[in-house]
Amino acid sequence: MPSVESQNLASGEMLMPLSMEKPMPPDYGPVTPVNGAIRHASISTWLTQHSFRIAQYKAGIVPVQYRRVACKKKGGIKFRVNGRRDLTVVLVWNVGGAGDVESVWVKGEKNVKLWRKMKRKLGQSWEIDGVVLAGESLSFRVQTSDGRTSTSMRVAPNNWRFGQTFQGTNFK
């Protein structure tokens, strides 16, 4: 005889693409009308009940089987450069391959000739402070969780301005 929970699941298999930026910490509390979410303790990702009809609300926490697949993106990795003279913040997105960025490096052509590792600020924003990159052609190197790197040489010309977006080489 099936359990009460299995009776509340939608019938048949469902294939649902899900893109994750940053897993959430585990929440072992009960699902309530206020949070209305389906959670898995070890993955700790929230899927809103209203977005996905995989179970009736009374089902509670629904086990989800998943597999990771490579990200296929159109175009190159995007770099939006923000900041001020001595602080550069770069938003990195449209990353193919494993998709989750572990490290970002930057270098110029005149004063900053060696690769400098950037610090993760928040999400996919990376920063480097105490280095003046203005007036330099910028190159970026991105490393994903599978250890692969993509290097985009001279994607920003030496006359770039804060707020501009540039496109580099993506993972195949």
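The points below walk through a sheet, a core and the salt bridges of this predicted model.

1. Five strands make up an open sheet, arranged in the order S7-S8-S4-S3-S11 with antiparallel pairing. Strands S7 (119–122) and S11 (165–167) stand at the edges with a single partner strand each, so one side of each has no neighbour in the sheet. On average, neighbouring strands of this sheet are turned by 35° against each other, with direction ignored.

2. Strand S3 (residues 78–84) runs antiparallel to S11 and is joined to it by three bridges. In S11, threonine 165 is the bridge partner of arginine 80.

3. The largest nonpolar core has 23 residues, of which Phe79, Val92, Leu133, Leu138 and Phe140 touch the most other members. Among the elements that give two or more residues to this core are S3, strand S4 (87–93) and strand S9 (138–144). When neighbours within four places in sequence are left aside, phenylalanine 79 is in contact with residues including Val92, Phe140, Val155 and Thr165.

4. A search of the whole structure finds three salt bridges. In one of them, arginine 84 pairs with aspartate 86, with the closest N and O atoms 3.1 Å apart; arginine 84 is partly exposed at 49% relative accessibility, and aspartate 86 is partly exposed at 36%.

5. Arginine 154 forms a salt bridge with glutamate 109 at 3.5 Å between the closest N and O atoms. Because arginine 154 lies in strand S10 and glutamate 109 in the loop between S5 and strand S6 (116–117), the pair ties together parts that are 45 residues apart in sequence.

6. Glutamate 127 forms a salt bridge with lysine 121, the closest N and O atoms lying 3.6 Å apart. Is glutamate 127 buried or exposed? With a relative accessible area of 15%, glutamate 127 is buried, because buried means under 20%.

Technical notes:
Residues numbered from 1 in each chain as written. Predicted model: local features only at pLDDT ≥ 70, side-chain atom pairs only at ≥ 80, totals over all residues. Heavy atoms only, no water. Pairing = 2+ DSSP bridges. Helix = DSSP H or I, 4+ residues; strand = E, 2+ residues; numbered from the N terminus. Axes fitted to C-alpha atoms, helices over the stretch in contact; angles between N-to-C directions. Core = buried A, V, L, I, M, F, W, Y, C linked by side-chain atoms within 4.5 Å. Buried < 20%, exposed > 50% of the residue type's maximum accessible area, 1.4 Å probe, protein only. Contact = heavy atoms within 4.5 Å. Salt bridge = Lys/Arg side-chain N within 4 Å of Asp/Glu carboxyl O.
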